[in-house]
Amino acid sequence: MTKTIITVVGKDNVGIIAKVCNYLASNNINICDITQTIMQGYFNMMMVVDTDKAVKSHEEIARELDEVGSEIGVQIKAQKEEIFDMMHRI
């Protein structure tokens, strides 16, 4: 399984989860785990997704998610699991 970590951060607004999930579904990306919270009006979501069946490259997915984020006023980052792990190692 090829895992990618997706983070979404920004002002809370209607439809954030729907937009992100619709993008993932339309690109054959499966959500393995998801958590989200809203703190004092700020939305924060983290997802672990499986990109094995995705037709697009990681770079395309990351760029397009960044564009989706710009459209809805949030910041979306997609990182390969191994890079995320290396960056967050103690």
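Predicted model: local features only at pLDDT ≥ 70, side-chain atom pairs only at ≥ 80, totals over all residues.
Local features are taken at pLDDT of at least 70, side-chain atom pairs count only at pLDDT 80 or more, and totals for chains, interfaces and linings use all residues. Residues are numbered from 1 along each chain as its sequence is written, and side-chain values use heavy atoms, without hydrogens or water.

Start with helix α1, residues 16-26. Helices (H or I, at least four residues) and strands (E, at least two) are DSSP runs, numbered from the N terminus. The buried residues of α1 are I16, V20, Y23 and L24; buried means under 20% relative accessible area, exposed over 50%, and partly exposed in between (1.4 Å probe, protein chains only). These four cover an arc of only 95° around the axis, so they sit on the same side of α1. That arc is taken from the directions from the helix axis to the C-beta atoms. An α-helix has 3.6 residues a turn, so residues three or four places apart point the same way. The face turned away from the buried side carries the exposed N22, A25 and S26. The buried residues pack against β1, β2, β3, α2 (58-72) and β4 (74-80). Just after α1, N28 takes a positive phi of about 60°.

Turn to the strands. β2 (residues 30-39) and β3 run antiparallel, joined by nine bridges; strands pair if DSSP finds at least two bridges between them. Q36 has M45 as its bridge partner in β3. Two residues separate the strands of this hairpin, where Q40 takes a positive phi near 50°.

D50 lies in β3, residues 42-50. D50 is buried yet has no salt bridge, a salt bridge being a side-chain nitrogen of Lys or Arg within 4 Å of a carboxyl oxygen of Asp or Glu. The nearest side chain of opposite charge, K53, is 6.9 Å away. Lys and Arg count as positive, Asp and Glu as negative; His and the chain ends are not counted. The D50 side chain does reach the backbone nitrogen of D52, at 2.9 Å.

Elsewhere, the count comes to four salt bridges. One of them pairs E81 with K3 (4.0 Å, N to O). E81 is in helix α3 (residues 81-87) and K3 in strand β1, 78 residues apart. Another joins E71 to K19 at 3.9 Å. E71 lies in α2 and K19 in α1, so this pair ties together parts 52 residues apart in sequence. E64 and K56 also form a salt bridge, at 2.7 Å. Here E64 is buried at 16% relative accessible area, whereas K56 is partly exposed at 30%.

Methods: Polar contact = N/O pair within 3.5 Å; in protein donor to acceptor, adjacent residues only side chain to side chain. Contact = heavy atoms within 4.5 Å.
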